[in-house]
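I opened my notebook for a friendly tour of this structure. Here is what I looked up, entry by entry.

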Amino acid sequence: MQELAARVMRRVPRAVAQAMTLMESDHPEHLARAQALMQQLRETHASLRRPNRALKIGVSGTPGVGTFGVVSRLAMHILALDSRFDGQDQGPESDSGWNSVCVLAVDPSSPRTHGAILGDVARMPELATHPRAFVRASASRGAYGGLAPSTADLIQVAELAGYGTILVETVGVGQSEAFVADIVDVLLLLVSFNSGDELQASKRGLLELVDMVIVNKADGDHVREASHTRHMYESALAMLSKHVYAKKRVLLSSSSVHDSAAPGYTDDNIYTPETLWPEILEMATTARKAKTTFQKDTDESEDTSHHSSLVAAFWNELAVELRRSLPSHSSTSLQQILKGAEMHVRTGDLSARSAARQAVQQILAALERIPK
Amino acid sequence: MASRLRCAARSCSCARPWLFSRGALVSSSLSGWRRCAFESSRKNTQSRELSSAFESAEAQWRFQVEKELAQTGAPSSRSTSVDGICLRPAYGDAASAESGQWPGVPPYRRGPHASMYASRPWTIRQYAGFGTAEESNAFFKRALQGGQKGLSVAFDLATHRGYDSDHPRVQGDVGMAGVAVDVVDDMKRLFDGIKLDEVSVSMTMNGAVLPVLAFFIVAAEESGVARSKLSGTVQNDILKEFMVRNTFIYPPEPSLRITGDIMAFCTREMPKFNTISISGYHMQEAGADPCLELAFTLADGLEYIRVARSAGLTVDQCAPRLSFFFGIGMDFYVEIAKLRAARELWYTLLKEKYGSEINNPKSYVLRTHCQTSGYSLTEKEPYNNAVRTTIEAMAAVFGGTQSLHTNALDEAIALPSEFAARLARNTQLILQEETGICAVADPFGGSYMMEALTSELMLKARSVIDQVERAGGMAKCVADGWPKQRIEDAAARKQARIDSGQHVIVGVNKFIAEQQSAQSSGNGGQGGDERIDVRSLDSVGIRQTQLDQLKRVKFSRNAEAAQRALQLIVQAAKFRNGVDSVKEGESDAASKNLLDCCVVAARARCTLGEISSALESVYGRYQPQVSVATGVYRDNFTGEEPGASSEFREAVRAVQTFSELAGRRPRILIAKVGQDGHDRGAKVVASGFADLGFDVDVGPLFQTPAEVVKMAVEADVHVIGVSSLAAGHRTLVPAVMEELERAEAQDILVIVGGVVPSSDHEFLRKLGVPLVFGPNTRLPYAVVELIRVLSERLRLST
């Protein structure tokens, strides 16, 4: 275990990958080992006194908007920023700034077959073969939202291994992007150039969480429409509560290979993933500060944002863990409660939500009855 | 009149009596299909089509038959084995006024020529060329002696992708699936002693078509043959590369511009050379059904006409030089109908779109090459493949192909051996010389079934073509990727139907030979006496020869001239990239034609890699988007065969058990190593494995062993599945194993799937590859085997 931890800290790809596998495992025995490894990593990390924290960027987008293209080009740009490094990864000690990149991608598992197609390396071959990039896809395994159940742990492993920039790519913009928002420094939402009109109330919840909306594929014939979409998102953002900490922005981005000047359709600046980088960096720094103060204001806790994201991870994990372990628990009274609730849903007596609520209340009541 | 006919039948050598038999040939049974097939097109085509010189389609046909037979000196009728019964070049309804009734007459459903094979049989054209230029040269000479009329050159993958043999990315690919060509001198050695003004040469080249064609022109020039005398075809069909075969270099848009430049150059300078061979073959090989193949191929054809027009050519200049290329699978009737439908559909499309500007009737005629399906060949009981190929060849002939390649029976296992290649050629010679099939054009014409099937296919394909055209043409659609997606879905469906036994393949999923079903797992076709000798190549030696030569050429050439020539290419590419030069004066446009520039570079001994990277510096190198269908495989696995569905369930169960014991799903990286772009197999396996419960990492195309290992390590997969279809396994798999060792990841298992001769299984096993799956492996079986081996390795037990 100690040896694995040491190799992770030296950022040996094989070791980092194996540590991540351990974090992902469902096997009960692995759980304890994963905990031990994480503990070991933290201790080693503390003793090494590494100064920098990783910059964590979340990129969300529904399939087809070109998320992987933006992630890939952004990462390649970050890697190219420092020309001193053109060979092999020399380990964390030789890093400067953000110049080693870890990409964590989450792909959906099929709810029917449980298998998954993890196509990320195929979609970003240039990045996947870059010596200073580490690309790891995970299957969502039916966890909520875009995040695989253990993504928080994976991010932590990557951070402890000393990757300067961690990009988290998620698909299926939806229910629980809140979790991503908490765990990363800056969250980008990629939307399609023609999605302005379908901007519905449901998406507005998501807009509260993201720091930057990027209207992608704003090239050629699409620029006019993209510009329209941008305005739709801006006005939607303007209606968000004052409570929100930093100024959110909506930018246009082109997916074309060549830097494209705006061809007269719009006055908006059209960014490429490369020119987006300074904007993201700036947003991340302000957002990181703002998030911390925001947390303090609202929670009045001593938490740094780092810890708050761990707490968020805990709540997510708790939900996943309950889902996994309750059905197979040996307590007969527990099974009675669950089976009863299931039956109510099946027969249509109760809605899924009411049944869940009722079941939780019954379980909690049972807990109360346990003598202290 | 009737007595005259009888007399003619008795003595076939007498002069064309059947030409006077008008009316006597009427068969009352023919009216049914006619109505079904032609009712709609009748009124608008008939009157305009028949030139006023002919009173009927039959008269026009008779006139042309006379002409064609006179040209070749062929007899007007052929005797049969029955004394006194002769066959005429075609049969039809002479009284009918309908135009489609006769071959060689619009709309050409029944054939592009009036007498078809009676005056000249189809061209036997075997695709060949392996290893070095010298070896291929010897192979060509033998083939020409053996009765072959045209040469067909296969290039190696490095050449296809625009890399010189010394490029680090192509280590395992040099000389593997064809001949390696780096400089013009390779081309000269390839055709040494062959008279290029007498033999037609067909070159399968799409991506690096500019340097290869330039080398061909300069090689001929330096052996004293002017470019105007060269005849043959270059495939030059880049659209289908983006759909299925993936041997492109540049993005779609500049690639099509190159196509246009080549068409313009050849029209100007090489009148006997066909500039493009529009290929459906590769689509069918990739899993497209015949209708999809037909539709996408013709839609490609329409796009190329537009490309030619924007390069300044008229339809009459380009259309007669288009040739098509279809695959012929085992669906006998459908394949015949496909070729018939293709001709009529092409005629109709051109009539509608360009009718007003076409003056040359040849512009309407679709001429095609065909190849029997490689996909239909099996690794198990390989001798069955000779039978399959024969049946497919017959379908191509009944459909009216102009030239044909018959596959060698060992192509499912390896590159063809000398013996298998001869047998394949003889298959065609037997059809031509022994069967009498050549005597009659379109023998299926007039069959109720065949005419109805042809019309149905036309209708179905037409709706797909219309969909493509509405979406802005094939170039746009290819860039969007939906044709690729449709073909891949079709491939996954087909695999599921095979695995579930709905689609029978004898020896694979039904009537499996005893010793093979009993044989131990994983070693595919090693079925005792079924073993056949296959050809293997010394890839290291071939590469060394090429490297030495590259060094020599680069040392001895005029470096300055070479640099200048490359600069010229860059400038021309930039110019063509920005402004359309077509409207300028002839000479100006000519000086900027990319092929012109490449010819200059070829003379200056610039290498293929240098020319390609000069173009790449302007256009960029295209990296395809990989997407894999999920659920398609499972949805089609309805498992009517009870044995098949239990195998499916067993596989799902095995994966589930493994997942519980290991703490995660089994994870596999499906890797395409080297420059082989055929990814149907890899994708079908990826899709199927995911549907059976695996987490499947799909690797990009064209990876080096080190890159594959990096991805496998970071994803921490249990297994790397290396897909090998171009004989690269002998070099690339050992390289992958070495890289794994370097990454301290020897515990990651490597398995191989694809075309691997059984003689190489032992070689791979010694390397530490426990499982090798051939082309016809049922996926659930592969999964069960893999899980068994994995569980042993990881010491997992219940």
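**Entry 1: two helices of chain B**

I began with H9(B) and H11(B), which are roughly perpendicular to each other, therefore in the class of angles from 65 to 115 degrees (under 35 is roughly parallel, over 145 roughly antiparallel, the rest oblique). H9 covers residues 252–269 and H11 covers residues 290–310 of chain B; their axes come within 8 Å and cross at roughly 65°. Axes here are lines fitted to C-alpha atoms, for helices over the stretch in contact, and angles run from 0 to 180 degrees between N-to-C directions. Helices (H or I, at least four residues) and strands (E, at least two) are DSSP runs, numbered from the N terminus.

I noted that H9(B) passes H11(B) in a right-handed crossing; right-handed means that the near helix is turned clockwise from the far one by less than a right angle, left-handed that it is turned anticlockwise. On the H9(B) side I found B:Leu256, B:Thr259, B:Gly260 and B:Met263, and on the H11(B) side B:Tyr304, B:Val307 and B:Ala308. Contact means heavy atoms within 4.5 Å. Ala, Val, Leu, Ile, Met, Phe, Trp, Tyr, Cys and Pro count as nonpolar, Asp, Glu, Lys and Arg as charged, and the others, Gly among them, as polar.

**Entry 2: ground rules**

I kept in mind that this is a predicted model, where local features need pLDDT of at least 70, side-chain atom pairs count only at pLDDT 80 or more, and totals for chains, interfaces and linings use all residues. Residues are numbered from 1 along each chain as its sequence is written, chains are lettered from A and ligands numbered from 1 in the order in which they are written, and side-chain values use heavy atoms, with hydrogens and water left out.

**Entry 3: H7 of chain A and its partners**

I then looked at H7(A), residues 151–160, which packs with H2(A), residues 13–24, at an angle of about 155°, with the axes 9 Å apart. That makes H2(A) roughly antiparallel to H7(A). Their crossing is right-handed. Here A:Val16, A:Ala19, A:Met20, A:Met23 and A:Glu24 of H2(A) meet A:Asp153, A:Leu154, A:Val157 and A:Ala158 of H7(A). I list seven nonpolar, no polar and two charged residues in this contact of H2(A) with H7(A).

With H3(A), residues 28–48, the axis of H7(A) comes within 10 Å and crosses at roughly 30°. H3(A) and H7(A) are therefore roughly parallel to each other, and their crossing is left-handed. I saw A:Met38, A:Leu41, A:Arg42 and A:His45 of H3(A) in contact with A:Asp153, A:Gln156, A:Val157 and A:Leu160 of H7(A).

**Entry 4: a loop in chain B**

Which residues does a cis peptide bond join? I found B:Pro106 and B:Pro107, with omega about 0°. B:Pro107 is in the loop between strand S2 (86–87) and strand S3 (123–124) of chain B. B:Met116 is also found in the loop between S2 and S3, and its phi is near 45°, a positive value in a residue other than glycine.

**Entry 5: chain B against chain A**

I counted 41 residues of chain B in contact with 34 residues of chain A. The two chains bury about 2800 Å² between them, 52% of it on carbon and sulfur atoms. Buried area is the accessible area (1.4 Å probe) that two parts lose on being put together, summed over both.
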